[in-house]
Amino acid sequence: MRLSGFKFSFILDMGCGCGKQMIDVNGKKYTMKTKIGEGGFSTVYLVYGPNRQYYAVKCIICHSKEDERISMQEVEYYRALKHPNLVECLDAALVGSCVGARSASEVRILLPYYKRGTLQDELMMRAKTNTYMPEERVLKLFRQMCEGIQAIHSAKPFPLAHRDVKPANVLLGDDDRPVWMDFGSMGKARIELKKSADARALQDLAAEKCSMPYRAPELFHVESYSTVDERVDIWSLGCCLYAMCYFHSPFEPAYERGDSIALAVLNGNIELPENSP
């Protein structure tokens with residue numbers, strides 16, 4: 001999401017004439033430090049709280065009531081899912097309201113700050129030095145990642161699916177605990193596609209919100225009169241395990257060669273490097 005002047009002024013509140021940019025979440029003011037993440041629909045800022053602790057604030061600009069509904073649904077998923085390997089929502093607020101064609105509102109989600117960053121950050125650093133992760137740690141991390149996804153799939157009253165499972169969505173705690181974040185793509189796990197329009201809509205949604213190198217084949221080509229379920233996350237978990245061993249998704253080399261990732265995924269072509277421990 002690009003921050004135009006309008007959006008930037010909408011997000012920030014100037015506090016007390018002190019020159020520091022502040023952001024308010026339900027009456028509590030946090031000092032803005034820096035932007036630490038940006039996606040197609042949101043921006044994440046590092047902030048400093050009144051209790052002298054650092055936090056992350058995810059800001060989602062909404063241009064319609066439907067945008068507001070989807071963003072607040074993400075908040076509800078955070079609040080409903082409690083597990084050591086799922087990120088915790090500390091607070092959330094809807095600021096403003098979409099009342100006209102040119103108006104906008106914003107959903108602000110206060111989250112813990114993980115100073116070690118994401119698993120993707122570590123894999124990129126390891127790739128630069130060709131330093132492989134010890135197998136014991138790969139298995140320890142991966143088991144906990146699976147347990148976090150299992151908690152999502154076991155949600156009540158109906159199973160949920162994350163649908164954007166990738167190393168960039170795994171935070172690393174100080175105790176080396178992997179924590180899944182970004183529930184913006186989450187939804188009911190089991191979807192019955194009863195007409196071609198439903199299939200096209202899900203395929204378009206997946207193209208918009210699910211990263212290609214980790215996307216399950218049934219989301220590249222969604223068939224009419226079929227059922228898509230939580231197994232999309234299991235495919236993506238497999239891609240994550242591969243990346244933990246070899247630094248990248250099994251389908252990223254296809255992109256680097258100029259080939260189609262979608263075709264590589266649909267064909268299931270996976271190569272295991274021979275020069276690896």
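In this predicted model, D24 and K29 form a salt bridge, with their closest N and O atoms 3.7 Å apart; a salt bridge here is a side-chain nitrogen of Lys or Arg within 4 Å of a carboxyl oxygen of Asp or Glu. D24 counts as buried because its relative accessibility is 19%, and K29 is partly exposed, at 42%. On this scale, buried means under 20% relative accessible area, exposed means over 50%, and partly exposed lies in between (1.4 Å probe, protein chains only). Residues are numbered from 1 along each chain as its sequence is written. Because the model is predicted, local features need pLDDT of at least 70 and side-chain atom pairs count only at pLDDT 80 or more, while totals for chains, interfaces and linings use all residues; side-chain values use heavy atoms, leaving out hydrogens and water.

The structure holds 20 salt bridges. Another one of these joins K58 to E74, whose closest N and O atoms are 2.6 Å apart. This pair links distant parts of the chain, with K58 in strand β5 (residues 54-62) and E74 in helix α2 (residues 65-80), 16 residues apart. Helices (H or I, at least four residues) and strands (E, at least two) are DSSP runs, numbered from the N terminus. K58 is buried, at 6% relative accessibility, and E74 is buried too, with a relative accessible area of 5%.

E147 is partly exposed, at 29% relative accessible area, whereas R143 is exposed, at 59%. Salt bridges may also join into a network, and one such network links R116, E122, R126, R137 and D176.

Following α3 comes N130, with a positive phi near 55°.

What does a charged residue do without a salt bridge? R163 is buried yet has no salt bridge, and the nearest side chain of opposite charge, D233, is 6.3 Å away. For this comparison, Lys and Arg count as positive and Asp and Glu as negative, while His and the chain ends are not counted. A polar atom of the R163 side chain does lie 2.6 Å from the backbone oxygen of K188. In a polar contact, a pair of N or O atoms is within 3.5 Å; within protein, one must be able to donate a hydrogen and the other to accept it, and residues adjacent in sequence count only if both atoms are side-chain atoms. Not counting residues up to four places away in sequence, the residues that R163 touches include S185, K188, V232 and D233.S185 sits in the loop between β10 (178-180) and β11 (187-188). S185 is buried, with a relative accessible area of 13%, and a polar atom of its side chain lies 3.3 Å from the backbone oxygen of K209. Leaving aside neighbours within four places in sequence, S185 is in contact with A161, H162, R163, D164 and K209. A161, in turn, belongs to strand β8 and is buried, at 0% relative accessibility. The C-alpha atoms of A161 and V232 are 7.8 Å apart, although 71 residues separate the two along the chain. Beyond four places in sequence, the residues touched by A161 include I152, H153, S185 and V232.

Finally, the cysteines. A disulfide is a covalent bond between the sulfur atoms of two cysteines. With the cut-off set at a pair of cysteine sulfur atoms within 2.5 Å, the structure holds zero disulfides. The closest cysteine sulfur to that of C89 is in C59, 13 Å away, so the two are too far apart for a bond. C240 is in no disulfide either, as the nearest cysteine sulfur, that of C239, is 7.1 Å away. C89 is buried, at 8% relative accessibility, and C240 is buried, at 0% relative accessible area.

Key:
Contact means heavy atoms within 4.5 Å.
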